[in-house]
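Try each task before you read its solution.

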Number of protein chains: 2
Amino acid sequence: MSALLTDLYQLTMAAGYWCAGKTGEVATFELFVRRLPPNRNFILAAGLDQALEYLLNVRFTEEEILYLKGLPQFHRVPEGFFDALRAFRFTGDVFAAREGTPLFPGEPILTLRAPLLEAQIPETFLLATIGFQTLIATKAARIVEAAGGRSVVEFGTRRAHSPDAGVYAGRAAYIGGCTGTSNTLTGMRYGIPVFGTAAHSWVQSFPTELEAYQRLQDLLGPATTYLIDTYDTLEGARRAASLGRPMWGVRLDSGNLVELARAVRTILDEAGLTDAKIMATGDLNEYKILELVATGAPIDSYGVGTELATSSDAPSHGAVYKLVELDANGSRRFTAKISPDKSTVPGAKQIFRYPGHDIVGRASECFLQGCEAMLRPVMLGGEIVGHRPTASEARQYARESLDRLPKKYRSLFECDPPYRIEHSAELIQLTEEFRRSER
Amino acid sequence: MSALLTDLYQLTMAAGYWCAGKTGEVATFELFVRRLPPNRNFILAAGLDQALEYLLNVRFTEEEILYLKGLPQFHRVPEGFFDALRAFRFTGDVFAAREGTPLFPGEPILTLRAPLLEAQIPETFLLATIGFQTLIATKAARIVEAAGGRSVVEFGTRRAHSPDAGVYAGRAAYIGGCTGTSNTLTGMRYGIPVFGTAAHSWVQSFPTELEAYQRLQDLLGPATTYLIDTYDTLEGARRAASLGRPMWGVRLDSGNLVELARAVRTILDEAGLTDAKIMATGDLNEYKILELVATGAPIDSYGVGTELATSSDAPSHGAVYKLVELDANGSRRFTAKISPDKSTVPGAKQIFRYPGHDIVGRASECFLQGCEAMLRPVMLGGEIVGHRPTASEARQYARESLDRLPKKYRSLFECDPPYRIEHSAELIQLTEEFRRSER
């Protein structure tokens, strides 16, 4: 994986660290979200596995090094630095919350400790990988919550921010509780259930809608799902019903979903197809689904695309990656940024989770009773430690973790007061000492 | 490139077309945006080159075919279909607007004509590629417009929807008028200028801010840009000024940018550094930049990250890919979708651009005088035709095209009335005939 997939300043800084003789210094960075987007009460961590995959495989090719040497920013940099890039491997340690963990602002999703160059260069990739998947897993958890036990399938690759974003959106949405995805590559790569039968173009490509339906049934048998809104939804439902079993059901993609679902349910039931399902799609989100569920509309499952794969009401959540400690020449220095509105808390941290609230303390602290330490070692000395959970295991863990969270925090609206996060006495003391000492 | 990076239903439909003996039918699909997001008066086409790259290289591997055969949706599909996937190549024709073309709702960005399977499978990838880059190029054009001639650099990879999205966001932002990007891989891959010097962690990693600045100047010489808000912005400006030349300037990343820019300008000027520049970054967008420019704040250049790389006020624009014609057994059939709110217009189209307005007509029409036909052949029989413009050429074309657009449509707010798009008499006639004939 290309080490050039990063902001240029990571590489100029790397050159600067090398020139300043700081390559032996060991940095600790924390990746976290500063504040929650509107209407969120938690974020759901995801993307760790792709972050680890990157750290295992990040390399500079000779062509890439040649490119860097041609940039004016590197004209004063000695050849030794480029040799260091040739030999570049990630050899550090990573501590992280499991994928599927609900987290809160300021809590590290991941803590990385490595020689300064190895810690700096991955910043951009780690933020984009973990930030994006966490964003989508969080959005999925909201939509699944709204659906109240009905199946939600992720359909958004076409509107995702590039085809690759679609692949990762499908994975993250599954971790967040979706039943599966329409993205076939996501299905194959991560062992995630895939869904999909036919689009409007299928119906349009046959001389009549009935012929299109007949062909679909021949192909898919009991998985057949008829898309019934190409011409006239109720007429489509009648045509589908006329073909009888085998079928899974029908899909509504436009119009007044409440009224149509009721009318279509009647058509199916009157044809004796009481076990046929109704799926709804078409610019849905958690609020629209909440309303559909509240009306009692007979909809069995939801497909959500654009708004899920882009987290469209909150397409970013300001994840950051901040230096908190630096070990140089045998001594440790704590660091933080104290600029207005963007200050950070110094020192490596641990999240101690009690039922219903968290204490963020220093990584060196022990809270033995009644709590769980959420950050666990996942990589030591550049090698994976322990089991790498599958997407399915992460999804299961997310489900269990969300069920343990007091229900009010799973609301689609902001809780007041928010989930309680306190800093430990030791962390407060360190912060105060840092601020006093800072020039 | 993996043909599995698509919605499963494209593949089930492909199997269905194969089973129905429709592989010889030739389909024409159009990719377009249904309506403009809020406050937009145009979209700026981008992403075509990656779409063509995909069409040139899309393949099924044996492993992927094996995966498909294991899915229940393919259990009834004969082996012949999988042989067709093994031999799958895109052999069709593509007509498209040049990257950098301002376009309007309903106007095809791309028209694809190919045997049904080859036209159906790419839908998802094409939408995600062209949809996303068009979204970002459009957003960039707005931000560049707001900056009124000052340089805008794209800094958003860390907040992009996956690292790959960051690579394409950097490319699209450049086409939209940005001066360059922070994404190094984008720079190397597409020959785009790259920018970046140092982050807060650089400053924090040295015992004092002054030492960090001195080291940066040693490294970068005349490109040196001091990030001055890690501890105290004005103190940072004084420290930077104390080091004198060579330097490019300073960067402000927080606080009241208007007040700080003025105070920092004074500090630099009083140190005789009247040619030192001030760059502003930190959660900027087109509206904030418009306001900063209006106040006359002495800011020379802007770095925009999150809001640009995610088009955060409009993270999608509903691009669709619709079947408009089908040639089967020697006869042509026009198709459209007539479902409520989502109807489409049948028949392959051409965009005839007159000064200040467009006529969308049938692809077979000729409008000889005073207009330009915007859709040109870019691929015939699966092979590229003509020159593939570089990102830099696309950027130049965008600049010229936007300059030709009446200025009111470059406003950051919605124009009323919108840009005038008319359908030709032939296209209106075809639409009416289709609606009358449709069962």
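**Exercise 1. Find the residue in β9(B) that stands opposite B:L227.**

Step 1. Helices (H or I, at least four residues) and strands (E, at least two) are DSSP runs, numbered from the N terminus.

Step 2. Strand β9 of chain B covers residues 249-252, and three bridges join β8(B) to this strand in the parallel sense. Two strands count as paired if DSSP finds at least two bridges between them.

Step 3. Now zoom out: six strands of chain B form an open sheet with parallel pairing, in the order β7-β6-β11-β10-β9-β8. Its edge strands, each pairing on one side only, are β7 (180-181) and β8 (225-227) of chain B.

A word on conventions before you go on. This is a predicted model, in which local features need pLDDT of at least 70 and side-chain atom pairs count only at pLDDT 80 or more, while totals for chains, interfaces and linings use all residues. Residues are numbered from 1 along each chain as its sequence is written, chains are lettered from A and ligands numbered from 1 in the order in which they are written, and side-chain values use heavy atoms, with hydrogens and water left out.

**Exercise 2. Describe the contact between chain B and chain A.**

Step 1. Count the residues: 107 of chain B are in contact with 106 of chain A, where contact means heavy atoms within 4.5 Å.

Step 2. Take the area: about 8700 Å² is buried between the chains, with carbon and sulfur atoms giving 59%. Buried area is the accessible area (1.4 Å probe) that two parts lose on being put together, summed over both. B:R158, B:H161 and B:M188 supply 9% of the area that chain B buries against chain A, more than any other three residues.

Step 3. Look for charge pairs: there are four salt bridges between the chains. A salt bridge is a side-chain nitrogen of Lys or Arg within 4 Å of a carboxyl oxygen of Asp or Glu. B:R158 forms one with A:D7, the closest N and O atoms being 3.0 Å apart.

Step 4. See where the touching residues come from: helix α1 (residues 8-19) of chain B gives the largest share of its side, ten residues.

**Exercise 3. Which parts of chain A does the salt bridge of A:K349 and A:E30 tie together?**

Step 1. The two side chains meet at 2.8 Å, N to O.

Step 2. A:K349 lies in strand β14 (residues 349-354) of chain A and A:E30 in strand β1 (residues 26-33), so the pair ties together parts 319 residues apart in sequence.

Step 3. Both A:K349 and A:E30 are buried; buried means under 20% relative accessible area, exposed over 50%, and partly exposed in between (1.4 Å probe, protein chains only).

**Exercise 4. Examine A:R245, its salt bridge with A:D275 and its peptide bond to A:P246.**

Step 1. The side chains of A:R245 and A:D275 meet at 3.0 Å, N to O.

Step 2. A:D275 is partly exposed, at a relative accessible area of 46%.

Step 3. A cis peptide bond joins A:R245 and A:P246, with omega about 0°. In chain B, B:R245 and B:P246 are also joined by a cis bond, with omega about -5°.
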